[in-house]
Amino acid sequence: MNYGLSIRQEGALDFLSLGALIHRLDPGIIPFRKATECQLHVSGGEFNVAANLADCFRLQTGIATAMVDYPVGDLIAERVKAMGVKPFYKRFDHDGVTGPNMATVYSDRGAGVRAPVVFYNRSNEAAARLMPGDFNWNAIFGAGVRWFHSGGIFAALSASTSEVIIEGMQTAKAAGAVVSFDLNFREKLWKVFGGGDRAVSVIDRIVKNVDVLVGNEEDLQKGLGIPGPEVAAKSKLDPSAFFGMIDRVVQKHPQVKIVATTLREVHSTNRHSWGAVAWINGQTHVSPTCELDVIDRVGGGDGFAAGLFYGLLSGEPAGEAIKLGWAHGALLTTFPGDTTMGTVEQVRAFAKGGSARIQR
């Protein structure tokens, strides 16, 4: 299919992510200040996509990241292995007092009219210490990588992480891999490391190397420094505001061939309307919409990205690729945790209009 991309047909890895691994403490529907126990999820915006593509879509994927040699690191590494993702670790020793640490995210699930609350402890995070030269990109890409991905959360962690992203992307481009970036704009993170102005200048340098961009209209405005559209969206499911910004995105970054995002109308914590849109090589595509009964909303956007990338890597028609992303993102909200528990057969059935009738 012609997406405006040149996608390698084969490689040792179908997909490689660069980003921070984290562990998430989840007390379920209990607010943290009243919690007595938590579930542990392993996550990271960039890792989630690689994990979803390996576990659900059965592709060969990898993650380049920091790993600390202490029990929390061991726990995270075990989950990376269990999801079938090949690790490329820059290892750090833990001094037992100050770290460095594997970052912690705390996130209850909310319920009904009570929204989920997310907060972090990324103090002295190992991934923020990553520097250019920490990964042997020539060796990794020399074995053949079809697609390389990173994101705005990792870019925001320190002055050096964006340089690692650019180094990886430039090697990826030279090796013939497609390069994608999820803007994932997080105001809290950027506020600590230079604020909105620095975010725009850093992300601008990254996106110059990108073929495929994931992000909603707020991400495009705050991450790329692009003014909002004149057209006002009638609802959160109306793609006109998003499509109204694409000309400005492509004008600023003409090499970008695909821009995609999810659309979500939140009626309550457990009831969302869900859709997705993409601009692919000059053509606009809109998914169906559906009503979600949400168990855990965290990771839905990464679920969408994984399904979309799978469709593109598999050569599906553009409209089908966006539906696979939409379907997988929808299914992911029905599982606890940030990564998939679904199968590619379930995703394809839902994308075709499948129902929740019992499977016997």
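The following legends describe close-up views of a predicted model.

Local features require pLDDT of at least 70 and side-chain atom pairs pLDDT 80 or more, whereas totals for chains, interfaces and linings use all residues. Residues are numbered from 1 along each chain as its sequence is written, and side-chain values use heavy atoms, with hydrogens and water left out.

**View A. Span of helix α2 (residues 71-82).** Helices (H or I, at least four residues) and strands (E, at least two) are DSSP runs numbered from the N terminus. The expected span is 1.5 Å times one less than the number of residues. Just after α2, G84 adopts a positive phi of about 85 degrees.

**View B. Buried and exposed residues of α2.** Buried denotes under 20% relative accessible area, exposed over 50%, and partly exposed in between (1.4 Å probe, protein chains only). G73, I76 and V80 are the buried residues of α2. Because they cover an arc of only 65 degrees around the axis, they lie on the same side of α2; the arc is taken from the directions from the helix axis to the C-beta atoms. P71 and K81, on the other side, are exposed.

**View C. Cover over the buried residues of α2.** The covering elements include strands β2 (22-26), β3 (39-43), β4 (61-69) and β5 (85-93), together with helix α1 (45-55). Contact means heavy atoms within 4.5 Å.

**View D. Cysteines C38 and C290.** With a disulfide defined as a pair of cysteine sulfur atoms within 2.5 Å, the count is zero. The sulfur of C290 is 16 Å from the closest cysteine sulfur, in C56, too far for a bond. C290 is buried, at 13% relative accessible area, while C38 is partly exposed, at 39% relative accessibility.
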